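Good morning, colleagues. Please bring up the sequence and the structure, and I shall take you through several of the contacts one by one.

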Amino acid sequence: MAATLFRSVAAVAASAILALSASAQGLIRDAEIEETLREWTDPILEVAGLVPEDVQLFIINDPSLNAFVANGQRIHLHSGLLIEAENPGQIKGVIGHETCHIACGHTVARMRAGEVAMRPALVSIGLGILAIAAGEAGAALIGSAGQFAALNFYVHTRAEESAADAAAVKYLSALGQSPAGIVEFFENFRYQEVLSDAKRYPYFRSHPLASDRIRTARTLAVATGLMDVQPTEREQKQYEMLRAKLVGFLDSPLKVRRDYPASNTSSAARYARAISAYRASDIQTALVDTDALIAEDPENPYFQELKGQILFESGRAAASVEPHARSLELLPGQPLLLINYARSLNARNGEGDTAAAETALRDALIAEPDNAFAWAQLAITFENQNRRAEAQLATAEAAYWVGDIVRANAFAKRASQSLDKGSTNYRRADDIVLITDPSNPDNRVFYERYGRGSRLSLETSGRTLPFGDFSVTDRR
């Protein structure tokens, strides 16, 4: 499966949430990593009595070691935790632990008025650090990274932590899998307990770690008789490729060479080096290495995706269509791969490309209706067909799903002026206009962010919308 990491973050951060550095965080979207983690997570959720489709999984681009549950049934894993884990069992142990915080009701007990609203929206091809593919609205996204401080709202008690440890062991043993990973994970980082709070990894600030807790977890795990059960060959390969991709995209070339030296000829090591070469703009080396991986495993859709990404982002959009199309032949209907394919078609813009891109994007949006990057690409597709009103509506959708309600309001109003009244599109445009109304007190903070606070009117009688002429005042 291929390389598609998307850094995106969209949402309305609650005022109570602590502000973090705006430059560091964002959501990672990647078809391969998401498929792997869902394959590992869904059975655990089912054993815990949860409905997998109701539980969302987010990967946060942050090198610190952390995992937490926030805003209901949403599990968040830091990229740093995924990289530091030594095997799939350790990742599963953490996922099982966090699953209990949902299934055991711990998060409900700790709900705060400040809700963490996560709306995964942007899709930026490849883990390529989530370039701000949506254009200038991206600055607003990065500015909302403070919401990921949600962890600070969920500091668990020792009793809850012990219950979550026991539940993780129970879930894994019910699946016939080794619970050794959770014990190994805690033992690897038990030194964190002697560090000051400021120096600890965030995970161990919110999840108190004590020697008696580790002993209890080990006792429970040993009692299952499954400690020596090894991960399957498939799981081990998935873990190796997941880590290689994260290191290749997120870490420096020096780190890649250290972790995956040239003497290491495994597919994971070559994957990491190919990605690192691409990130370092050594396109020729990246393509040669990727082609070698494809020749070795032609049925891997993610190798095809990586090749398409390298070609597209090195200015060879027309050539990138074929590998993206091939990735979909190997993994039909995968929404992120559909978006990659459509982006290449939009850029090539040859005969039949626009219609094919529209079909791909509509299919992707059925699966991910809140994907802002897909909406932005659909706007391009409509514009290529001279369907201006629909393009404006798609632009409004893209802006809405990243929390840019100023832009959403403006483009929805433009679209509603040209769309047929009574049509589904018109009603949707009208809905966006209403929900992003600048006179709504709930929207004040967003308009003030764009320097328009003085133009707001909260009066409800005898007023007109104080939005003004967006084409004149638009600062983007």
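I begin with a pair of residues at the strands: L27 stands opposite I60, the latter in strand β3. Please bear in mind throughout that this is a predicted model.

The setting of that pair is as follows. Strand β2, residues 27–29, pairs with β3 in the antiparallel sense, over 2 bridges. On the other pairing, β3 and strand β5, residues 74–78, run in the parallel sense over 5 bridges. I60 takes part here as well, for its bridge partner in β5 is H78. Strand β3 itself, residues 56–60, is mostly covered, with 4 of its 5 residues buried.

Let me place these strands in the whole. The protein has 23 helices and 5 strands. Of its 476 residues, 56% are buried. If we take contacts between residues at least 6 apart in sequence, 67% of them join residues at least 24 apart.

I turn now to the nonpolar cores. Which residues have the most contacts inside the largest nonpolar core? They are L37, L77, L82, I91, L246 and Y271, in a core of 106 residues. Helix α19, residues 388–401, supplies the largest share of this core, namely 9 residues. To take one example from the list, I91 touches L37, W40, L82, A85 and Y239, leaving aside residues up to four places away in sequence. There is also a second, separate core of 5 residues, and L27 and I60 return in it, together with F58 and F68 among its members.

Next, the aromatic rings. A pair of aromatic rings is described by the distance of the centres and the angle of the planes. How many aromatic pairs does a search of the whole structure find? The search finds 3, and I shall discuss two of them.

In one, the rings of Y271 and F303 have centres 5.1 Å apart and planes at 75°, and the pair is therefore edge-to-face. Y271 belongs to helix α12, residues 267–279, and F303 to helix α14, residues 301–313, so this pair ties together parts that are 32 residues apart in sequence. Both Y271 and F303 are buried.

In another, Y400 and W401 have ring centres 5.1 Å apart, with their planes at 80°, so this pair is edge-to-face too. Y400 and W401 are both buried.

Y400 has a further neighbour to report: R428 lies over the face of its ring, at 5.8 Å from the ring centre.

Finally, the cysteines. A disulfide is a covalent bond between the sulfur atoms of two cysteines. The count here comes to 1 disulfide. C100 is joined to C104, with an S to S distance of 2.3 Å. Is this disulfide left-handed or right-handed? The torsion about the S-S bond of C100 and C104 is about -105°, so the disulfide is left-handed.

Are the two cysteines buried or exposed? C100 is buried, because its relative accessible area of 0% falls under the 20% limit. C104 has a relative accessible area of 39%, between the 20% and 50% limits, and is therefore partly exposed.

That concludes the tour, and I welcome your comments.

Definitions and conventions. Residues are numbered from 1 along each chain as its sequence is written. This is a predicted model: local features need pLDDT of at least 70, side-chain atom pairs count only at pLDDT 80 or more; totals for chains, interfaces and linings use all residues. Side-chain values use heavy atoms; hydrogens and water are left out. Rings of Phe, Tyr and Trp (its six-membered ring) pair if their centres lie within 6.5 Å; planes under 30 degrees apart count as stacked, over 60 as edge-to-face and the rest as tilted. Buried means under 20% relative accessible area, exposed over 50%, partly exposed in between (1.4 Å probe, protein chains only). A charge sits over a ring if NZ of Lys or CZ of Arg is within 6 Å of the ring centre and within 35 degrees of the ring normal. Two strands pair if DSSP finds at least two bridges between them. A nonpolar core is a set of buried Ala, Val, Leu, Ile, Met, Phe, Trp, Tyr and Cys residues joined through side-chain atoms within 4.5 Å. Contact means heavy atoms within 4.5 Å. A disulfide is a pair of cysteine sulfur atoms within 2.5 Å.
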